[in-house]
Amino acid sequence: MRKNVTKLKANEPDYGNWVSMRGLYTLGALAIFFLILSFVFLAGLAAAAAFLVAAAFFVALGYNTFMRYTFSPRGGNLEAQIREMVLDHFDWDGEGQALDIGCGNGPLTIAVAKKFPKARVTGIDYWGGTIFKNEYSRAYSKQACERNAQIEGVADRVTFQRASARALPFDDESFDAAVSNFVFYLVDARDKETLSKSRCESSRKAERSHFMSPS
Ligand SMILES: C[S@@+](CC[C@H](N)C(=O)[O-])C[C@H]1O[C@@H](n2cnc3c(N)ncnc32)[C@H](O)[C@@H]1O
């Protein structure tokens with residue numbers, strides 16, 4: 001029995017969570033820091049201000065913990081529901097090559113490959129920056145993408161590549177379609193125009209792109 005549970009876990013894909021544990025730890029540490037500051041080192045108005053800042057961090061911590069739970073399979077799997085919505089709106093015949101920009105651990109790349117059995121799909125991401133550049137950079141990796149693709153049975157039709165959405169390293173019209181999920185809001189406003197332009201150039205038909213992101 002025990003053996004089976006272990007085996008099942010080893011064969012489960014790991015798609016991570018859009019709310020990183022690192023982010024939660026950071027919020028928790030800041031909340032505690034300002035709380036201690038308000039009680040031990042400050043007095044009067046400064047103490048009240050530090051207390052309010054601590055309270056704000058505790059609220060943010062509570063909200064983000066709730067969102068992490070809601071995004072996870074145990075809490076309703078909102079991430080998977082949003083992914084399904086992106087796929088439902090992805091108007092493509094599945095013939096040719098698709099690009100997933102900012103693929104994380106590859107859930108959308110793999111879902112596109114599973115939905116379109118003839119398609120080849122490339123996922124790009126710039127995994128591995130510092131926390132200041134990108135809070136997700138340590139949570140997601142190319143290695144995890146490749147493992148997930150193996151487990152999901154699409155490894156022969158998907159490729160993962162380190163690249164920045166700001167300068168896609170592909171010739172114009174390399175892809176027949178492009179998707180992206182929850183990435184654009186992380187891109188600086190000044191780079192959004194470049195990104196939109198380059199994804200249209202990379203995709204043979206810009207209208208076959210479906211990009212989903214909070215603003
Ligand atoms: C919220 S995660 C979404 C991951 C994935 N699309 C999904 O649906 O799970 C955002 C991802 O975008 C990536 N990302 C953000 N800005 C990027 C950029 N300029 N170039 C490449 N990847 C980027 C991050 O590294 C992260 O993996």
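**View 1. Strand 1 and its two parallel partners in the predicted model.** Strand 1 (residues 97-101) and strand 2 (residues 120-125) pair in the parallel sense over five bridges, where two strands count as paired if DSSP finds at least two bridges between them. Helices (H or I, at least four residues) and strands (E, at least two) are DSSP runs, numbered from the N terminus. Leu 99 has Thr 122 of strand 2 as its bridge partner. Strand 1 also pairs with strand 4 (residues 177-181), again in the parallel sense, over three bridges, and here Asp 100 has Val 179 as its bridge partner. Four of the five residues of strand 1 are buried, so that the strand is mostly covered; a residue is called buried if 20 or more other C-beta atoms lie within 10 Å of its own, exposed if 12 or fewer, and partly exposed in between, with C-beta atoms placed from the backbone. This is a predicted model, in which local features need pLDDT of at least 70 and side-chain atom pairs count only at pLDDT 80 or more, while totals for chains, interfaces and linings use all residues. Residues are numbered from 1 along each chain as its sequence is written.

**View 2. The crossover from strand 1 to strand 2.** Strand 1, helix 5 (residues 107-115) and strand 2 make a right-handed β-α-β unit, the hand being right if, with the strands pointing away from the viewer, the path from the first strand over the helix to the second runs clockwise. Confidence in the protein chain is highest in helix 5, at a mean pLDDT of 97, where pLDDT is the predictor's confidence in each residue, from 0 to 100.

**View 3. Helix 2 and its buried side.** Helix 2 (21-41) has 21 residues and reaches 29 Å from its first C-alpha to its last, close to the 30 Å expected at 1.5 Å a residue; the expected span is 1.5 Å times one less than the number of residues. Its buried residues are Leu 27, Ala 31, Phe 34 and Ser 38. Because these cover an arc of only 70 degrees around the axis, they are on the same side of helix 2, the arc being that of the directions from the helix axis to the C-beta atoms. The face turned away from this buried side carries exposed residues, among them Tyr 25, Ala 29 and Phe 39.

**View 4. Helix 3 and what covers it.** Helix 3 (residues 44-71) has 28 residues and reaches 41 Å from its first C-alpha to its last, close to the expected 40 Å. Ala 54, Phe 57, Leu 61 and Phe 71 are buried in this helix, and what covers them includes helix 2 and helix 4 (78-88). In turn, what covers the buried residues of helix 2 includes helix 3.

**View 5. Two residues with positive phi.** Glu 173, in the loop between strand 3 (158-162) and strand 4, has a positive phi of about 60 degrees although it is not a glycine. Glu 173 is exposed, with 12 other C-beta atoms within 10 Å. Phe 182, in the loop between strand 4 and helix 7 (189-202), likewise has a positive phi, near 60 degrees, and is partly exposed, with 19 other C-beta atoms within 10 Å.

View 6. Confidence is lowest in helix 1 (residues 2-10), at a mean of 47. Over residues 1-8 the pLDDT is below 50, and beyond near neighbours in sequence this stretch has zero contacts in the model, a contact being two residues whose C-beta atoms, placed from the backbone, lie within 7 Å. Where pLDDT is low, the predicted coordinates should not be read in detail.
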